[in-house]
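Hello,

Have a look at it first, then read on.

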Amino acid sequence: MNNTIIRFENVTKSYDDGTVVLKNINFELERGKFYTLLGPSGCGKTTILRIIAGFTDASTGDVFFNGKRMNDVPANERQVNTVFQDYALFPHLNVFENVAFGLRIKKVKETEINDRVQEALKFVNLAGYGNREISEMSGGQRQRVAIARAIVNDPEVILLDEPLSALDLKLRTEMQYELRELQQRLGKTFIFVTHDQEEALAMSDEIFVLSNGEIKQSGTPVDIYDEPINRFVADFIGESNIVDGLMIEDYKVRFAGKEFECVDGGMKPNEKIDVVIRPEDLEITTPENGKLIVTVDTQLFRGVHYELSTYDQDGNEWLVHSLKKADVGAEIGLDFDPEAIHVMRLNETEADFDKRLEAYGDEDYE
Amino acid sequence: MGTKIMNKTAKGPLIPYIFWILLFVIAPIALIVYYSVLDLNGNFTLTNYAKFFTPVYLKMTLSSFWYAFLITLFTLLFAYPTAYLLTKTKHKQLWLMLIIIPSWINLLLKTYAFIGIFGLYGPINAMIEVFGFNPKQILFTDFSFVFVSVYIFIPFMIIPIFNSLDKMNPSLIYAARDLGASSWTTFRRVIFPLTIDGVKSGIQVTFIPALSLFMITRLIAGNQVITLGTAIEQQFLVSQNWGMGSTIAVFLILFMVLTMLFTRQKSKGGRV
């Protein structure tokens with residue numbers, strides 16, 4: 001039953017000058033999963049990673065590792081290894097020695113070091129690069145050396161601090177696949193920190209969305225994308241149209257001057273709410289057939305789709321991702337399914353949100 | 001045509017530099033070498049060089065190296081931790097400034113100050129008397145000579161070490177800790193190797209001048225310490241034997257060149 005590897009209990013972090021970085025963080029991480037801490041810069045995600053690594057202490061609260069409290073265990077005695085944002089490879093050592101660093105400190109036998117380093121380098125597709133200097137390696141290769149240096153020690157948890165942010169787009173996408181595959185092959189727990197929602201959605205088993213030192217929502221990428229808890233999460237995870245609305249009664253919502261059928265419930269009658277509709281859920285149609293009538297303001301060609309910025313009569317902006325082209329300045333209709341409407345209560349906690357979703361959300365869905 | 005113009009503009013500014021080198025570096029060295037092969041009557045001779053290899057001068061050379069080594073060692077032992085602590089302070093540039101400022105004060109003044117401090121009637125002996133001991137001869141000892149020299153050289157050692165420590169990526173230290181290194185191993189395996197260039201420059205700017213010290217030697221150590229520096233002074237000012245003085249100077253220059261070669265920085269492919 002006990003598959004938990006890391007547990008945070010009421011962890012806070014504040015500095016002497018009074019700035020609070022983390023407010024009451026609680027979570028449990030299971031063995032062998034890929035977790036992502038996602039949030040804008042300054043949200044506290046890197047601080048959580050540093051607390052796990054042991055580079056900084058929690059101000060209050062407890063951190064458990066395999067059920068043992070590890071607040072006071074120094075960084076060099078923890079069963080975790082980190083892949084740093086700037087890789088932090090030792091410039092005075094070559095690739096082999098960089099990877100061997102941790103093993104040498106543990107006084108592993110020379111033949112075993114050799115075997116394990118070669119194996120780790122093979123794992124990250126750098127077999128034969130052992131004698132290269134770090135300065136001779138490209139950004140993507142350095143990234144792999146950093147990963148090899150972490151995995152060679154066979155830690156239980158690997159922490160990754162925005163490791164892809166310094167790479168160009170194509171390499172970054174490639175590395176996303178590689179990292180995900182690597183994690184599955186190794187079967188280790190990965191904790192990945194990023195501000196890039198696409199990265200988070202593509203790789204994670206579970207995402208923690210953070211803002212201002214709090215976990216706003218946690219769940220699988222699909223859950224978080226489809227059922228964001230509030231305006232912040234909806235806005236941060238992907239592009240979305242968020243408008244003010246009114247919940248008339250269960251399954252009936254009012255926004256943009258009209259009433260619509262929806263699949264949400266469990267709120268007070270006539271409660272003020274936020275409505276989210278993803279741009280890809282809006283379909284262009286004729287004004288007569290549209291649930292909303294909007295005017296096209298701008299249109300951008302994005303390669304896979306057109307991105308239209310449109311406005312309804314009330315002045316709400318509706319972003320549309322469409323395979324079909326529209327004419328700028330023209331009046332068009334927008335059609336969408338009741339499932340596309342996602343209703344968010346203002347200031348709802350994650351626990352209440354989950355409870356309500358269990359009671360109402362799934363009935364019409366699956 | 002473009003390259004022609006380039007060549008012209010590239011060489012023009014070099015002229016004053018070449019002139020400077022000729023006049024103030026090449027010419028004095030040539031003069032020293034010239035004087036070193038003259039005897040007291042101005043005739044060509046190699047006896048000065050032969051005399052250098054007699055036990056008197058060899059012992060002097062050895063003692064010069066020994067004192068320069070001691071001075072460099074103690075300077076390094078004091079400067080490295082200081083530089084390290086400096087990089088950890090909040091206003092590190094200010095602290096560095098405070099350490100550098102004393103080096104702007106005239107060397108002779110500082111040396112005289114130490115004569116006062118270490119003297120028989122100075123504050124240190126006054127303190128010793130307070131504790132009920134007899135005044136001690138501090139001046140004119142090996143200790144006072146090394147102490148004052150170390151004090152003089154410390155800022156010059158701190159600056160290059162501070163710079164190399166400051167330049168170092170702090171996440172390398174985290175990386176070492178993360179990989180299981182204790183504080184000491186982190187220092188030995190990562191911090192020190194990465195700042196070795198700063199240490200080498202520090203040794204250069206300390207060891208080479210320490211090898212040819214003579215003013216501090218004279219004022220603080222009196223006749224207790226005889227080095228190549230004081231020997232040159234003696235030959236030129238007391239014995240009036242310019243030939244022998246120049247010969248010692250030639251060897252001193254050789255030793256300096258050797259020191260420079262020894263502490264040369266290996267340039268690696270590229271910097272990270």
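For chain A the mean pLDDT is 89, and 98% of the residues reach 70 or more. The stretch to treat with care is residues 362-366 of chain A, where pLDDT stays under 50 and the model has 6 contacts beyond four places in sequence. Where pLDDT is low, the predicted coordinates should not be read in detail.

**Chain A overall**

Chain A contains 9 helices and 20 strands. Its C-alpha trace spans about 75 × 45 × 45 Å along the principal axes. Of the 366 residues in this chain, 51% are buried. Among the contacts in chain A with a separation of 6 or more, 66% are between residues 24 or more positions apart. The accessible surface of the chain is about 17200 Å², with 45% of that belonging to carbon and sulfur atoms.

**Cores and a covered helix**

The largest nonpolar core has 95 residues, and A:Ile6 and A:Phe8 are the ones that touch the most other members. Chain B supplies the largest share of this core through helix H8 (residues 142-167), which gives 12 residues. Beyond its neighbours within four places in sequence, A:Ile6 is in contact with several residues, including A:Phe27, A:Leu29, A:Ile52, A:Phe64, A:Val157 and A:Ile191. There is also a second, separate core of 35 residues, with A:Tyr87, A:Leu103, A:Leu167 and A:Met203 among them.

A:Leu103 also turns up among the buried residues of H2(A), along with A:Phe96, A:Asn98 and A:Phe101. This helix (residues 95-105) is mostly covered, with 9 of its 11 residues buried. The cover comes from both chains: it includes helix H3 (110-123) and helix H4 (139-151) of chain A, and helix H9 (171-178) and helix H10 (183-194) of chain B.

B:Tyr17 sits in helix H2 (residues 14-36) of chain B.

**Salt bridges**

Over all chains, the search gives 23 salt bridges.

- A:Glu30 pairs with A:Lys33, with the closest N and O atoms 3.7 Å apart. A:Glu30 is partly exposed at 34% relative accessibility, and A:Lys33 is partly exposed at 28%.
- A:Glu112 and A:Arg116 form a salt bridge at 3.1 Å, N to O. Both lie in helix H3 of chain A, 4 residues apart, about one turn of the helix. An α-helix has 3.6 residues a turn, so residues three or four places apart point the same way. A:Glu112 is partly exposed, with a relative accessible area of 34%, and A:Arg116 is partly exposed at 24%.
- A:Arg180 and A:Asp205 meet at 2.9 Å, N to O. A:Arg180 is in helix H5 (residues 169-186) and A:Asp205 is in the loop between helix H6 (197-203) and strand S9 (206-211) of chain A, so this pair ties together parts that are 25 residues apart in sequence. A:Arg180 is buried, at 17% relative accessible area, whereas A:Asp205 is partly exposed, at 26%.
- A:Asp62, A:Arg69 and A:Asp72 are joined into one network by salt bridges that share partners.

Happy exploring, and best wishes

Methods
Residues numbered from 1 in each chain as written. Chains lettered and ligands numbered in written order. Predicted model: local features only at pLDDT ≥ 70, side-chain atom pairs only at ≥ 80, totals over all residues. Heavy atoms only, no water. Core = buried A, V, L, I, M, F, W, Y, C linked by side-chain atoms within 4.5 Å. Buried < 20%, exposed > 50% of the residue type's maximum accessible area, 1.4 Å probe, protein only. Helix = DSSP H or I, 4+ residues; strand = E, 2+ residues; numbered from the N terminus. Contact = heavy atoms within 4.5 Å. pLDDT = per-residue confidence, 0-100. Areas by Shrake-Rupley, 256 points an atom, 1.4 Å probe, with all protein chains shown as cover. Salt bridge = Lys/Arg side-chain N within 4 Å of Asp/Glu carboxyl O.
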